[in-house]
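Please look over the sequence and the model first.

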Amino acid sequence: MPERLELGTAVHCTDGELGELADVVIAPSSMRVVDLVVKPHHIGGPALLVPIETAEGSHWGEIIQLECTKEEARRFPAIREAAALRPGEAPAAGSGWDVGVQDVVAVP
């Protein structure tokens, strides 16, 4: 059954609060959420890319409960900055996005 994900919802690990839901990543082919972007409160640093499989569904609506500790969550990939562009689109002029690009992901 589909669940509603609201940005700003508290995200908890098994040992306490991690942060809040900042965004989601949707697979273009299936139109399903594949990752949660979590902005940590207590550990600082950039937002984390958390696989949706890590989230339990029992507390949705109030909090998002992850099946990992805060220490384990720190090992998830960090999100620096991202944008979704359609094929053939280019970043806006003067955005600086062509400088320092570290990862490029192309989806067919």
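**Strand pairing and a loop proline**

Valine 11 has isoleucine 64 of β6 as its bridge partner. The model is predicted: local features need pLDDT of at least 70, side-chain atom pairs count only at pLDDT 80 or more, and totals for chains, interfaces and linings use all residues. Residues are numbered from 1 along each chain as its sequence is written, and side-chain values use heavy atoms, without hydrogens and water.

**The sheet**
- Seven strands form an open sheet with mixed pairing, in the order β5-β6-β1-β2-β3-β4-β7.
- β5 (55-56) and β7 are the edge strands; each has a single partner strand, so one side of each lacks a neighbour in the sheet.
- Strands (E, at least two residues) and helices (H or I, at least four) are DSSP runs, numbered from the N terminus.
- Two strands pair if DSSP finds at least two bridges between them.

**Strand pairs**
- β1 (residues 10-13) and β6 (residues 63-66) are parallel, with three bridges.
- β5 and β6 are antiparallel, with two bridges. Alanine 55 has leucine 66 of β6 as its bridge partner.
- β3 (residues 32-40) and β4 (residues 47-51) are antiparallel, with four bridges. Leucine 36 is bridged to valine 50 in β4.

**Proline 77**
- Proline 77 lies in the loop between α1 (70-73) and β7 (78-79).
- Proline 77 is partly exposed because its relative accessibility is 47%, and that class lies between buried (under 20%) and exposed (over 50%), with a 1.4 Å probe and protein chains only.
- Beyond its neighbours within four places in sequence, proline 77 contacts Ala47, Leu48 and Leu49; contact means heavy atoms within 4.5 Å.
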